[in-house]
Amino acid sequence: MMMTAAALLREKPKPSDAEIDKAITNICRCGTYTRIREAIHLATTKI
Amino acid sequence: MTEHAPLTRRLFLVSSAVAGGGLMLGVGISDLASAAGDSEGSTPGAKVNNWVIIQSDNTIIVRIARSEMGQGSFTALPMLVCEELECDWSKVKGEYASATENLDNSFGSMSTGGSRAIRESQEMLRKAGASGREMLLAAAAQKWGVPRSELTAKNSIITHVPTGRTMTYGEIAEAASKLAPPSEVKLKDPSEWTLVGKAQTRFDIADKVMGRPVYGIDVRIPGMLYATIAQCPVFGGKLKSYDEAKIKTMPGVRHVVPMGDAVAVVGDSYWQVRQALAALPIAWDEGPNAALDDAAIAEMLRQGLTANDALVAANEGDTKAALAKSTKVIEAEYHVPFLAHATMEPMNCTAHVMPDKVEVWAPSQNAQAALAVAAKAAGVDPKNVEVHITMLGGGFGRRGAFQDFVRQAVTIAKAVDKPVKLLWSREEDMRHDFYRPVSMAKLAAGLDASGHPIAWQIRIAGQSIVAAVRPQQMKNGLDQSFLEGLAEMPYEVENRFVDYAMRNTPIPVGFWRSVNNSQNAFYKECFLDELAAASGQDPYQLRRKLLQHHPKNLAVLDAAAKQAGWETAAPAGVFRGIAYHDSYGSLACGIVELSVSDKNEIKVHRIVCALDPGYVVNPDTVVTQVEGAIVYGLTAALYDKITIKNGRVEQSNFDDYPMLRLRTMPKIEVVQVPSGGFWGGVGEVGLPPVAPAMCNALFAATGKRIRSLPLKDHGFTAA
């Protein structure tokens, strides 16, 4: 999940929700998807 | 511990050990410094009581009995201790008590399930914190020669109020640990809490982001071999023969270990043993169930719906008479399939059987059960067994009541006389689960002239978990727990009759997150929606009427409706469904908002869940647990079923047992309304309302009533 997100941000530094949805296909059985999306958006402000 | 912490010698040792594939003993969670070299029970510091160790630098170690599987208990349980201890929370660390230490039950139950960890432990832990505090204060009073009443304690500092003198917990802990504990302690009123009830950062998060925690699958021991296993694909079958010669010369292959109903290949790497197992010719004695299929199971359940051998679980008033005189009678049949746990981390366990000791590393929900099973499998006294609970990559009930992975690993390790890490493949995991049971329901309800339900009759036919796992819990042949959430419910219906025709199949069953509430809420809440529709009532208003004399339940129902804006019109094309269900001592209501295209493509926009667990320890964890339970339930409702053909499970991986993905994730809003006065569980309560709220929303959207799951089977997709 981390690696996929890192790869996405390398290609698209400010991805939209739709772009995140398309790129992040990894499974989270604990259901943290909303927080993952938020974290990716947060990361774009820090990188 | 952050990545910027100074590199102490211990930290360096552990980091490099992990980088080189070495072992992190025991804890597997943050606090790398104490993980290196220290095993549980030998942590340095003053042991103020069983639960609290205080080091001279004011580090506080709180011992923990329940397994952390992402549900946050590793942080929440220490919060309960520390609230009373009056310590500096920033210096608190958690550490597992071991099952071996707990052979005298001094740490109580280690079984982690049933949403029990906090509600079962809270009183004991709060008392431990209060007791520890009083001992520290008593020791300080002794040292200064002043009365205890002149002292206060806060943030690990004791102050003598009249003079302003202070001392730290670290300075006095050794002396305190020599005192007798007070015979009784007074606990804070919840209104006085300063730590409990406020969101705290979990101990394990920083490490998890950095990939540090050691899950069962990560464990590495020097000299370790890898094992993988094939169990008879037909339930109830046995191993007949295998041809070891055919794989003996394959690279990395060391041993083949037969085990009654399974065979394991042991070798130098997981890949090598997987290849070898796939190439190993195996003959199975398939046993009596080789022809079993879903049709036969359904036939048996259907027979149960009208059979005469059902046992009564609830009987109030005269349901038969009430139905006869009802203005309107509504009847329906519902059913649900077997479901798999599908933990992200497949079943695994590492074991080392030595002449004088057995050591086990397991992602287990129950350290005590793991120890007992390991001792039995190795044929040794339990006190010679050490169990390390690693981080769990999902439990959901799979890793609690059953320790099959422990038994197998120990058996193999004993046979090959080397440390062995047993790893199941995903396919093996999917096909050898202890499934959420299959069941069917026949419901009938009678409405009076005003549309009020006056009679409620339910017959369930289905497989009992308790009959297989804890038959001693059954009374006169009845597994009452199968009817949880149905036999007792807060809705006021004057005449109620619930009975159960137990129909057990050879398919192994177990506790799946929310257990029998998962199907019972679906039956009850969808059917109640049918009653509302049949009498032209709003489903929320009908529930308000049925809960009118139950203020706490009503408050939860209302909180969900308010958050969802139930009483204001939804945007065009958006439809809502509601479901109310109490479980594990907590009260909960779920509302789903969705749209459906004319091609039956579902888009779930939002799921609202309101809950009252009595008290909340870590509110952020409550949110994450409810979110997680909702996603678990939503995944099953949309996509999943386990089907049986030729006595085997047909599914094998996430292509035929799909998981929800990020793109399908709805917005989830959790409304916490803790009303106090009781302690309810949180881990599972968010799940039961999901499937019925989904189906009720789909009825609102399409007029189609759904009476079985998954929704995929009805032609619905959720992209």
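Trainee: Is B:C609 buried or exposed?
Mentor: Buried. Its relative accessible area is 1%. Keep in mind that this is a predicted model.

Trainee: What about B:C82? How far away is the nearest cysteine sulfur?
Mentor: It is 3.5 Å away and belongs to B:C87. A disulfide needs the two sulfur atoms within 2.5 Å, so B:C82 is in no disulfide. B:C82 is also buried, at 3% relative accessible area.

Trainee: Switching to rings. How many aromatic pairs over all chains?
Mentor: The count is 18. One of them is B:W89 with B:F203, and that pair is stacked. The centres are 5.2 Å apart, with 25 degrees between the planes.

Trainee: Where do B:W89 and B:F203 lie in chain B?
Mentor: Both are in loops. B:W89 is between α3 (73-85) and β4 (92-96), and B:F203 is between α5 (169-177) and α6 (205-209). So the pair ties together parts that are 114 residues apart in sequence.

Trainee: Is B:W89 buried or exposed?
Mentor: Buried, at 16% relative accessibility. B:F203 is buried too, at 13%.

Trainee: Which residues do ring pairs link into a cluster?
Mentor: B:W193, B:Y615 and B:W679.

Trainee: And charges? Which ring face does A:R29 lie over?
Mentor: That of B:F396, at 5.8 Å from the ring centre. Within chain B, B:R436 lies over the face of B:W512, at 5.7 Å from the ring centre.

Definitions and conventions
Residues numbered from 1 in each chain as written. Chains lettered and ligands numbered in written order. Predicted model: local features only at pLDDT ≥ 70, side-chain atom pairs only at ≥ 80, totals over all residues. Heavy atoms only, no water. Phe/Tyr/Trp six-rings, centres within 6.5 Å; stacked < 30°, edge-to-face > 60°. Helix = DSSP H or I, 4+ residues; strand = E, 2+ residues; numbered from the N terminus. Buried < 20%, exposed > 50% of the residue type's maximum accessible area, 1.4 Å probe, protein only. Lys NZ or Arg CZ within 6 Å of the ring centre and 35° of its normal.
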